[in-house]
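Biologist: I would like to go through this structure and hear what each label rests on. Please set the values against the definitions.

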Amino acid sequence: MSTDDHSDDKAVEGDSGHPFTVRFRVSPDRVRLFVDCEGDSGDFHEVADFILSRLKTFGLERLPNQYTIHRLLTEAAECPTGLKDILIVEGIDPTDSVDGRLEWSEDFFAEGFVYDESTDQIDYRKRAGERNVKAGQLLATLIDPVPGEAGKDIQGTAIPARRPRRRRVRVGRNVRHDEAAATYYSEIEGRIRWGNGVLAVDDLYKIEGDVGLASGDISHPGAVLVTHDVLAGTRIEAEGDVEVMGVVEAAHIQTGGALTVHGGITGAHGARIIVGGSITAHYILDADVQAG
């Protein structure tokens, strides 16, 4: 039986004596067979007999009886939509598979900042996600995919379930993988980073005060935390996240992770901010920024 609409060549004469047209229609996935009817049929006895006789020619795995078809037609006639899209035969939908995933031990990557209910304000000095981790801390558990169950179409042919996807994780710097338990731990005190399928913990370089003439430019293979401001004309380059508790003036920042500025960013000609992850700031004014 094709999935195209199929109208009977001959109109059925319903109990009222008037012509009655029946159209059979199979859903694209072949799991459901619908009937559309047109005309004045009375109480549908002749129509139900005709539908059942046609169904017997379609090679269906299971057939409804004449009483069931009559009941479905009667109930449909009482609906506002009328005798349209009447589900006569139904197979079994395949059960969807569940893809593999990483289950984080903490909400490390929550976006935004903490909302303080007592003041009804957002605290821009507290991130919703805490990315700083301790040595030996459990970071995540790898959850295996769960395959779904096959279904059947209206003719009893098996419909395979979607093949589930396995989460691929590459172990980066300072992360220990327990293969037997499918768990990941931090080997150091640092800052967790997840991107492009790589789980890593970066060394955290904490700068007390400003990044300016006193500190010099910063280049670090891990994450950088600045407790005050990043002054104009300075440069920060890091492989991990960069977090600035104050403001960023017309400085150059390039990082492979995320940039979080608890104050705002003010740009100027020639100063660029290039970030591999996301950028979060209280405001961005006249700045040249690029985020992955």
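Biologist: In which helix is His 70 found?

Modeller: His 70 is found in helix H2. Helices (H or I, at least four residues) and strands (E, at least two) are DSSP runs, numbered from the N terminus. This is a predicted model, in which local features need pLDDT of at least 70, side-chain atom pairs count only at pLDDT 80 or more, and totals for chains, interfaces and linings use all residues. Residues are numbered from 1 along each chain as its sequence is written, and side-chain values use heavy atoms, with hydrogens and water left out.

Biologist: Why is His 70 called buried?

Modeller: Buried means under 20% relative accessible area, exposed over 50%, partly exposed in between (1.4 Å probe, protein chains only). His 70 has a relative accessible area of 17%, so it counts as buried.

Biologist: Which residues of H2 are buried, and what puts them on the same side of H2?

Modeller: Ile 69, His 70, Leu 72, Leu 73 and Ala 76 are buried in H2. They are on the same side of H2 because they cover an arc of only 160 degrees around the axis; the arc is that of the directions from the helix axis to the C-beta atoms. The cover over the buried residues of H2 includes strand E4 (32-39), helix H1 (45-55) and strand E5 (86-90).

Biologist: How many residues has H2, and what span is expected?

Modeller: H2 (residues 66-77) has 12 residues. The expected span is 1.5 Å times one less than the number of residues.

Biologist: Is Thr 234 buried or exposed?

Modeller: Thr 234 is at 8% relative accessibility, so it counts as buried. This residue is in the loop between strand E19 (223-226) and strand E20 (235-238). Its side chain reaches the backbone oxygen of Leu 231 at 2.6 Å. Leaving aside neighbours within four places in sequence, Thr 234 is in contact (heavy atoms within 4.5 Å) with residues including Val 211, Asp 217 and His 252.

Methods: A polar contact is a pair of N or O atoms within 3.5 Å; within protein, one must be able to donate a hydrogen and the other to accept it, and residues adjacent in sequence count only if both atoms are side-chain atoms.
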